[in-house]
Amino acid sequence: MKKLLLALLCCLAGLDGAYAHAFLDHADPRVGSVIHASPAEVKIWFTEKLILPFSDVKVVDAAGNEIDKRDKRLDPANGALLIVSVPALKPGRYTVTWRATAVDTHVTHGTFTFAVSP
Amino acid sequence: MKKFAVRGAIAAAALCGVIHPRAVMAHGFEGDRFFPPTIETDDPFAVDELSIPTVSLFHNPPDGGSTTREIDIGGEFDKELLPGWDLEFSDVFTLLHPKVGESTNGWQNFSLGSKLELIQNADHEFIFSIGCDWDIGGTGGRSIGANSFSTFTPTVFFGKGLGDLPDSVPMLKPFAITGEVGEDLPTEAANPNALEVGLALEYSLLYLEENVKDTGMPHPFRDMIPLVEFTMTNPQNRGGGPATGNIDPGVLYESRYFQLGAEAVIPMNRHTGPNVGFIVNVNIFFDDMWPKIFGHPLFGGGPNLAENNPGGSAK
């Protein structure tokens, strides 16, 4: 058992900063929600800070056409908030697909929908 | 054997330390789905895992005798060597406290296993793997009943999330099932072969909140995965007796760096035993704690960070 602990200590010696997978914490519009007015942006708050060049977010309409403005960015004050602008959305169902690469290079994916009602 | 294993672990840790990580992808992800490491059933992913400890408590009647309280304290270390291929080391320390007679304790046989991911489909949250476990005879204590012979268990594993169900049934999408089917092949001819089956039915509240519907559920509840596991051993020859197994309802809680799990262990028939037991487990996400050391194959592989296809396969 002592030797096992020693092995674990060897691992601890390599500790160089603890981060984790970036999971979606919440989004605006909310996951699965129905909203009555078009948002100007789709915002996703993650549980970890992201590396922007290796992260992405897309918004597509019901026909599968990408309708976001392809201007993904991180909030300057919050590296865990991924934003993309969208034009005025017509009533319909929209799918948000994201790829998040956390600062320790963990990669996660996700998809959710929201709807704009008349 | 244990000294060899520990020295091997130290050497592996040292080797890992000199490998600079590329992209890090451990845990069991398939597409949008996070498959948690389940307690009783081995998951289908060949990734880095550190499961320590797993503590189970049973009251078992020995054959025709009085009740014995059994406490098992186990641990498992898995290391991905090449992309989709790992080596797995595990052992269990058993304490037996009979109602009548003296208590005893000791190690079960050391177990060495390997797993290979064969089929992955991110869009359908599906994975299929094969593996083999070697329960090394004679490495455990005879006093607690460890076998003097080895047993090989070739096994197939699978995992399937239901995220690809139609949007008309959104609340079913958080369901997932993982399973394993193996065959115990003892090296001593007098002992029976046995079919090993394990299934885990999960309902991921993480998946619900991230991918289906933000219900406003607060932490820590939205970080939980209720599940039911089913395990069965069915001897097939040489007078192996009837099938035994358990039905284990419980819950897993996912935190940033570890998973806590707790399940009741309900015997599936009277041959298994009359009493309900309990099992708790801590699974340390050491790929998150030490991302430069763990969470990627020892040699080669890893996803391409420049990949820019959200929703694509992670591996």
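**Note on a predicted two-chain model**

1. In this predicted model, the secondary structure of chain B comprises 3 helices and 15 strands. Chain B has 315 residues, of which 40% count as buried. When contacts in chain B between residues at least 6 apart in sequence are considered, 61% of them join residues at least 24 apart.

2. Chain A contains 1 helix and 8 strands. Read from the N terminus, its elements follow the order α-β-β-β-β-β-β-β-β. Of the 118 residues in chain A, 35% are buried. Contacts in chain A between residues at least 6 apart in sequence join residues at least 24 apart in 61% of cases.

3. Confidence in chain A deserves a remark. The mean pLDDT of chain A is 87, and 84% of its residues reach 70 or more. Residues 4–18 of chain A, however, have a pLDDT below 50, and this stretch has 22 contacts in the model beyond near neighbours in sequence. Where pLDDT is low, predicted coordinates should not be read in detail.

4. An open sheet of 4 strands in chain A has the order E2-E8-E7-E4, with mixed pairing. Its edge strands are E2 (34–35) and E4 (56–60) of chain A, each of which pairs on one side only. Strand E4 of chain A pairs with strand E7 (residues 92–101) of chain A in the antiparallel sense, over 5 bridges. Within this part of the sheet, A:Val59 has A:Val96 in E7 of chain A as its bridge partner.

5. Which residues touch the most other members of the largest nonpolar core? They are A:Ile44, A:Phe46, A:Val57 and A:Val96, in a core of 30 residues. Elements of both chains give two or more residues to this core: strands E1 (24–28), E3 (41–46), E4, E6 (78–85), E7 and E8 (107–116) of chain A, together with helix H2 (205–212) and strand E12 (224–235) of chain B. In soluble globular proteins, nonpolar side chains tend to be buried together.

6. One of these core residues, A:Phe46, can be followed through its contacts. Leaving aside residues up to four places away in sequence, A:Phe46 touches A:Ala22, A:Phe23, A:Leu24, A:Asp25, A:Ala80, A:Leu82 and A:Ala100.

7. Is helix H2 of chain B mostly covered or uncovered? The helix is mostly covered, with 7 of its 8 residues buried. The buried residues of H2 in chain B are B:Leu205, B:Tyr207, B:Leu208, B:Glu209, B:Glu210, B:Asn211 and B:Val212. Their cover includes E1 and E8 of chain A, as well as strand E2 (33–35) and E12 of chain B.

8. Two cis peptide bonds should be noted. One joins A:Asp28 and A:Pro29, with omega about 0 degrees; A:Pro29 is placed in the loop between E1 and E2 of chain A. Another joins B:Ile52 and B:Pro53, with omega about -5 degrees; B:Pro53 is placed in strand E3 (residues 49–60) of chain B. Most peptide bonds are trans, and most residues other than glycine have a negative phi.

9. A:Arg70, although not a glycine, has a positive phi of about 55 degrees. A:Arg70 is found in the loop between E4 and strand E5 (73–75) of chain A, and counts as exposed because it has 12 C-beta neighbours inside 10 Å. B:Arg238 is likewise a residue other than glycine with a positive phi, near 50 degrees. B:Arg238 lies in the loop between E12 and strand E13 (244–254) of chain B, and with 13 other C-beta atoms within 10 Å B:Arg238 is partly exposed.

Note on methods: Residues numbered from 1 in each chain as written. Chains lettered and ligands numbered in written order. Predicted model: local features only at pLDDT ≥ 70, side-chain atom pairs only at ≥ 80, totals over all residues. Pairing = 2+ DSSP bridges. Buried ≥ 20, exposed ≤ 12 C-beta atoms within 10 Å, placed from the backbone. Contact = placed C-beta atoms within 7 Å. pLDDT = per-residue confidence, 0-100. Core = buried A, V, L, I, M, F, W, Y, C linked by C-beta atoms within 7 Å.
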